[in-house]
Amino acid sequence: MVADRDKKNWECEVPPGRRGTRLDKFWADELAGEGVSRGRVKAWIEAGLALVDGEVVDRGKHKLSGHETVTLRAAPAGPGEGDAEPVAGDLDVLFEDEHLAVVDKPAGLTTHPAPGEPGPTLVNLCLHRWPDMVGSVSGMDGQRPGIVHRLDKDTSGLIAVARTEADRLALAADFADRRVRKVYLAIVHGCPEQSEGVIKAPIGRHPTRKTQMGVTDKGGREARSDYRVLWTGPRGLASLVAVRIHTGRTHQIRVHMAHLGHPLLGDAVYGPRENAEWSRRADRLAVLAPRQMLHAFFLSLRHPGTGEPVTLWRRPPEDFRTLLAGLVRECYRVGIVGMPGCGKSALLSFLRGAGRPCFSADECVGALYAPGGDGAAMIARRFGNAYTLEDGGVDKPGLFAAMRESEGVRREVMELIHPMVRHACEEFFRAHRDDPAGFAEIPLLLESGWGKEQVDAVVGVRCPADKRTGELRELRGLDPETLAVFDSWQWSEADKLKGCDLVLENDEGLDELKVEADRLAAWAGERFEARNREFAAWLEGLWPRLAGELAGEAKA
């Protein structure tokens, strides 16, 4: 598309793919990136300011055939449509001279005046800092002087501003010819299957939601985005993605990432379901995505006056970084193991008494086996009434005897019950996400193949064999044969402790075990803080490292 010097006339050839498109819709799509509404386009057409192959067409519903040369002229500015007003305010300027300025636009600031936008806008602030940019002096558009590309209101980051009309034309030509390199950072829901990829999907007005854009083959304009996953949060909850756009379609990154199945966090327009679910979270993450999490991180262009490269970057703002830190700042999940009767339950009671979040697999199984429990229902379905009491609960002595006599029965019961325990434990940790640490006693954690997806650390309790099989066994009311059966279903103590990140001792009395519980709580708290510090340091190092990589690519 060609625009004249004062940007009041536009002319282009209609692509064959737009055959059958209404004239007003065609121009509304073409000028969407310049803040021109379809209503204004329609008014200009009805005023006789549109040409099709040199002939005036004053009907917006005129259908195009393809390959025509179409021209549209803007009506003279009416009252209130002249020069934008200068407004005092803070501008974070990374680069400026008599030709060009590059500004770090904060989220919440609209780029230029528009209907329904009370302002002040970036243009208003720029006019206060550089009064010679005003349209009546510079010859640029009065409402959008110096603007050659835009950022959505709730997108932060780098935006170039031309200081003169000649510079604006030079920059606009470079943007049109795709000589400008723009890379954004986005936080998206989930994790894309491919760690990097190219999205080539045409973008146009959504066929039913007229205020939105969408991927559409009919009437869509070419759009390409290259993405790379830089980091994925715990359990794939969200990912940090770098996106380079080769085209500048309205809402391009938001539309393309949603098309990929991973809309931006905080984007209620293109990820309404995901955004609603996120807002209903029970933890602090629910309030950490108040806007679409998108930041224009890197900009490399030719200086419009000298032709020399200008390459700049700016790390994301605090709200963006806080969300990333919040994804990592979650409960440190500790799994507690040990031989039967080693004191795990007593250790857990000390932690619980100190107000620490605690989960017991034994208590969970007890609830599952109770009347109305899911475990009781599963046992009844699998074994009929062989191990079911009249009240619907599980006949635990009878089931234990069957498991003792048959390895097949034991394995079947484990396969039925262990996934329920794992799910309950995962829900426990999820419910306590905002706590520094949570503790789960899972006797068969290692034997069941639990890994880093379920817990962050495994802690073992070591107890002398004579104490465990003597006084502690008697306190639990177990006979030696029953304890031996439980032992036979587990790894040896030596093998268990080899898989542990920390080993606690229970070789004396309860007072000493309480000291060990305090030591465990302090250790978990230290691991929680160390993980957060490590991530914060990595993140701060990521920005300059990524900028250096992008600068090298821009030079290549």
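Okay, before anything else: when I say two residues touch, or are in contact, I mean they have heavy atoms within 4.5 Å of each other. Also, this is a predicted model, where local features need pLDDT of at least 70, side-chain atom pairs count only at pLDDT 80 or more, and totals for chains, interfaces and linings use all residues. Residues are numbered from 1 along each chain as its sequence is written, and side-chain values use heavy atoms, with hydrogens and water left out.

Let's start with Ala223. You'll find Ala223 in the loop between β12 (213–215) and β13 (224–232); strands here are DSSP runs of E, at least two residues, and helices are runs of H or I, at least four, numbered from the N terminus. Take Gln252: 29 residues from Ala223 in sequence, but 7.5 Å away in space, C-alpha to C-alpha.

Next up is Ser225, in strand β13. Ser225 is buried too, at 1% relative accessible area. Which side chains does the side chain of Ser225 make polar contacts with? One is Gln252, at 2.9 Å, and another is His256, at 2.7 Å. A polar contact is a pair of N or O atoms within 3.5 Å; within protein, one must be able to donate a hydrogen and the other to accept it, and residues adjacent in sequence count only if both atoms are side-chain atoms.

Now, a sheet. Five strands form an open sheet in the order β18-β19-β17-β20-β21, with parallel pairing; two strands pair if DSSP finds at least two bridges between them. β18 (358–360) and β21 (502–505) are at the edges with a single partner strand each, so one side of each has no neighbour in the sheet. Inside that order, five bridges join β17 (residues 332–338) to β20 (residues 457–462), and one of the bridge pairs is Val337 with Gly460.

Last one: helices α11 (residues 374–383) and α13 (residues 407–431). Their axes come within 10 Å and cross at roughly 145 degrees. Those axes are lines fitted to C-alpha atoms, for helices over the stretch in contact, and angles run from 0 to 180 degrees between N-to-C directions. Among the residues making this contact are Met378 and Phe383 of α11, and Leu416 and Met420 of α13.

How values were computed
Buried means under 20% relative accessible area, exposed over 50%, partly exposed in between (1.4 Å probe, protein chains only).
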